[in-house]
Amino acid sequence: MPHCRSCVNNLPDSLKRNLDLRWMDDKEVFTDSLSNILHYIQFNRVQHGYYYARPGKTGNIDFSNDKEYPGMVFPDCPFRLLSLFRYWNIVSYFYPYKYAVGKDWNVVLDEMIPQFKDAPDTIAYHLGMFRLVRNLNDTHANFGTDQLRAVNGKYRSPISLKIISDTVLVTGYYNYTISDKRELMAGDRILKVAGKDINQLIKEKLELTTGSNDVVKLRNVVLLLLRGHSGNLEVTYERKGTVSTRNIKLYPINDLKIDTAIRTGDTYKMLDNNIGYITLGYLKPDKVAEAMAKFVNTKALIFDIRNYPYDVENKLQAYLCPYSGRFGKVTVRDLAYPGVFVPISGNKVSPKNENYYKGKVILLVNEETQSHAEFTAMALQTAPNVVTIGSQTAGADGNVVKIVFPGGYSTYMSGLGIYYPDGRETQRVGVAVDIVVKPTAKGIIDGQDEVLEKAVSIANDIKYIARRSSKGLHVE
């Protein structure tokens, strides 16, 4: 192999925190001569003609040339190991946050080899794939198959739950069209499910839950608590001090369509005392101008980002930010040096706007604020008189990358590194929150939105001045 004249090998440590090539010097595996050959390849890498790992959209990476081997529900051992090694290597060389997964990725490989190699049956193999993905601690890294859904139960209740300080409370219904709203009420406290203590059930189901941080795992685990293998489930609950037990109705997951249920609500409205309120989950790009015109003279404008917004951040910034600059740093994979991530130009706020909105800007976030929602929050945090209220967000920013296991089973991972201009992390951490407010059990029982109430209080407080600077923005 000839010397590579275009290979850049003298890189700063800041670009190499994901690069781990210690395996090349493992003397229990390689002779000195073979290690030298491996290092020669490292420093004289192929610089073109990529096939299995190719450039994707928006700086991402594309693995679509990996063979899917459809129909392999429980493949033979070589293909099971291919599943493991394919995923492990993709993460090892092309995951921007490998340094932040919380565990030595080499140790993960050692732990997972027996689970893939010795899997005795279909369920064991599918659980192995799930556990491998779970090690990423990335909210984007979901994984599900029909076999895993059978483990949890293919029937599900439309009742929505939330965990507040070790208490599981009913908050309402995901799907109102088919549910029996007489079964459980908002504020009911769940004590047992099918005779099992709810805290023990949570502990068990957390092992089948993924997420970047604990708040997301608790957000996700409630989706597994009212699951079963038939159309009914016994639930013991407390309502206003009285404990009762009843059977609730479950529905086939595909019929329930919780994830696609239509939600209704106001896109924007005027609150008391000249305060504007916009739900970004409903605000479409062609309605931004209309909404901002309505609230141009308000004393405060509340943006609720406890949802998944449309692509409106750039349009909103044009009204909110007087600066020209960049509100985030982005790192992308370097195909010319697998394992290295390099910075590219961050997202820009421009042009300057002297007629920007002068009132207080208040952002509401929580664990539902994920991915594009977090990116939107970062963009709106460039407003000069902004405050972010709520709790830790999902900690999964950056466009997703699809990964396929043999059998055609797919999962995803965050594909870009997203940071604040000063280098602050967002992955696993979430966006910066200025005032932490979390829902309480009493608030849920009383039907209050305590985060919104705090926002209104800040909006009405003439003594409160939000951080008036370009924090979160690299001014140009």
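Helix α2 contributes most to the lining of the second largest pocket, with five residues. Helices here are DSSP runs of H or I with at least four residues, and strands are runs of E with at least two, numbered from the N terminus. This is a predicted model: local features need pLDDT of at least 70, side-chain atom pairs count only at pLDDT 80 or more, and totals for chains, interfaces and linings use all residues. Residues are numbered from 1 along each chain as its sequence is written, and side-chain values use heavy atoms, without hydrogens and water.

The pocket has a volume of about 650 Å³. Of its 25 lining residues, A53, Y93, F94, L335 and P338 are closest to the centre. On a 1 Å grid over the protein atoms alone, a pocket is an open set with protein on both sides within 12 Å along at least five of seven lines; a cavity is a set of points where a 1.4 Å probe fits but cannot get out; lining residues have an atom within 4 Å of a point. Volume is the space filled by probe spheres set on the points, which are joined across faces, edges and corners.

The largest cavity has a volume of about 40 Å³. R156 and Y174 are among its lining residues. R156 also lies over the face of Y174, 5.9 Å from the ring centre. The rule asks for NZ of Lys or CZ of Arg within 6 Å of the ring centre and within 35 degrees of the ring normal. R424 likewise places its charged end over the ring of Y420, at 4.2 Å from the centre.
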